[in-house]
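Visitor: Please take one part of this model and go through it closely. Then set it beside the other packed regions.

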Amino acid sequence: MNLGLTQKLFLAILIAAGLAVISSVLIMQWSVHRGFLRYVDSLEKTAVSRLAAMLEQQYGEKQGWDSVARDPALLIRLTRASLPDHGPHPGEEHQGASPVPKPLPPPRPHRLEDRVFLRDGAGKLVAGLAGDNPGSEVIPLKFRGKVIGSLGVAPRTGLFEPPQQRFLREQKVAFALVAAVVVLLSAGLSLLMATRLVKPLRVLATATHHLAAGTYTTRVPAASGDELGRLGRDFNELALALEKNELARRRWIADISHELRTPLAILRGEVEALQDGVRQPTPDAVRSIHADILRLSRLIDDLYQLSLSDVGALTYRKEDLDLEEVLAETLDPYRQEFAAREITISEERNGEGRATVFGDRERLRQLFSNLLDNVLKYTDPGGVLRIGMEWHDQSVIVDFQDSAPGVPADQLERLFARLYRVESSRNRSTGGAGLGLAICRNIAEAHAGSITARPSVLGGVWLRLELPKEGRRR
């Protein structure tokens, strides 16, 4: 039989409560039985002490045990008289002050009067049980400092008298009723608790089915502060992340389609113009087509590099290298281009020893090249590029600060998004597809580092690259 979670929780809670109740009832019954037995034993010990005193008094009054020997029932009557709250018993009637002897009733081994026996000073049985009784308790009887006999009590072979047994039965019935009521209440409470515990799980399971079906707007209530509430909040965060990823995926596909359609449309128009004879196949027309093909090729290469870095398929051959040397090697080929655009390069170094990192030389050169390309494409002519490098015991920091135009502060973090452009400063004729900084971030993270953007004091953008030194490899 396939039980649901509600049934399993209900049975688990009910079984635990039932075992607890049964154990409690058994322990209580054992405790009551044992306590009642101790109580009866204490009453018997008190009664035996009284009986011993009464027999010693009887011996003194009658100057011997003859009265007891002639009337064996006298020992029974004295025993009954020693018990608390004693009254008339079968086998005796009161006529004035003297009881009339009757035949002795059959022995009942659970009663005290049927388990006592009296012996004289010589050990001869005077009244009571005959024969040896192993385990009997014997109390010596004295009169005027002389031992005159002994009072013995045979061990109990029966448990209790009928009233006492009835009392125990009533207690057992009461315990059973209490146990039944508690189990019934536990069953109702277990069902209520199981239903309340499983209800949010059912809501979560239904929401999970919707989420798996592609409905990423699904949310679950998560107001409680327990584990189920935290699970609900985690589910909502997961659904929100999936929703954002789905939107990003759709925007990514739409942006790629748009980026590819534009250069292809230009190429198609130029080729059709050549075919129709509108344009002549002059060197300028060929150069224009070649430039469009190069722009399309760069876009496809960037997309390919970004996809490889996203899935971790970019090849990294890491070694200990001097980051200052790598930056210098990357910057040298760009100096003429910066000079042509009249952009001044300012360099600052701050650190002792070597700026050694554990990284891939070619990937780091690719990162620096993308940053320098951005400055060339988006910094106004006559501007400034300030490159700063400082290194400490744990990290190396490289700063790229350029002059105007800048980027609004609320859009700085989006610079690392794929295909994102700030329209006031970027366009397809001068800029790229908006993939360079996304590739830079992936390369930085592959080196256990980070790259961030902030406003520059020069009026442009301040990009900071931070990499761990070789002694801080992860």
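This is a predicted model: local features need pLDDT of at least 70, side-chain atom pairs count only at pLDDT 80 or more; totals for chains, interfaces and linings use all residues.

Guide: Two strands are taken to pair if DSSP finds at least two bridges between them. On one side of the account is strand β4 (residues 125-128), which runs antiparallel to β3 and is joined to it by three bridges. Within this pairing, Leu118 has Ala127 of β4 as its bridge partner. β3 and β4 make a hairpin with four residues between them. In the turn, Gly123 has a positive phi of about 90°.

β3 also pairs with strand β6 (residues 146-153), again in the antiparallel sense, over five bridges. There, Val116 stands opposite Val153 of β6.

The next matter is the nonpolar cores. The largest has 39 residues, of which Leu323, Phe368, Leu371 and Phe400 touch the most other members. Elements that each supply at least two of its residues include α7 (323-331), α9 (361-378), β10 (384-391) and β11 (395-403). The largest share, seven residues, comes from α9. A second, separate core has 19 residues, including Val48, Trp65, Leu75 and Val126.

Three aromatic pairs are counted. In one, Tyr59 and Phe143 have ring centres 5.8 Å apart and planes at 65°, so the pair is edge-to-face. Tyr59 belongs to helix α1 (residues 5-62) and Phe143 to strand β5 (residues 137-143), 84 residues apart, and the pair thus links distant parts of the chain. Tyr59 is partly exposed, at 21% relative accessible area, and Phe143 is also partly exposed, at 23%. Phe368 and Phe400 form a stacked pair, at 6.2 Å centre to centre with 25° between the planes. This pair joins helix α9 to strand β11, across 32 residues. Phe368 is buried at 0% relative accessibility, and Phe400 is buried at 3%. Ring pairs also link Tyr59, Trp65 and Phe143 into a cluster. Finally, Arg454 lies over the face of Trp462, 4.9 Å from the ring centre.

How values were computed: Residues are numbered from 1 along each chain as its sequence is written. Side-chain values use heavy atoms; hydrogens and water are left out. A nonpolar core is a set of buried Ala, Val, Leu, Ile, Met, Phe, Trp, Tyr and Cys residues joined through side-chain atoms within 4.5 Å. Buried means under 20% relative accessible area, exposed over 50%, partly exposed in between (1.4 Å probe, protein chains only). Rings of Phe, Tyr and Trp (its six-membered ring) pair if their centres lie within 6.5 Å; planes under 30 degrees apart count as stacked, over 60 as edge-to-face and the rest as tilted. A charge sits over a ring if NZ of Lys or CZ of Arg is within 6 Å of the ring centre and within 35 degrees of the ring normal.
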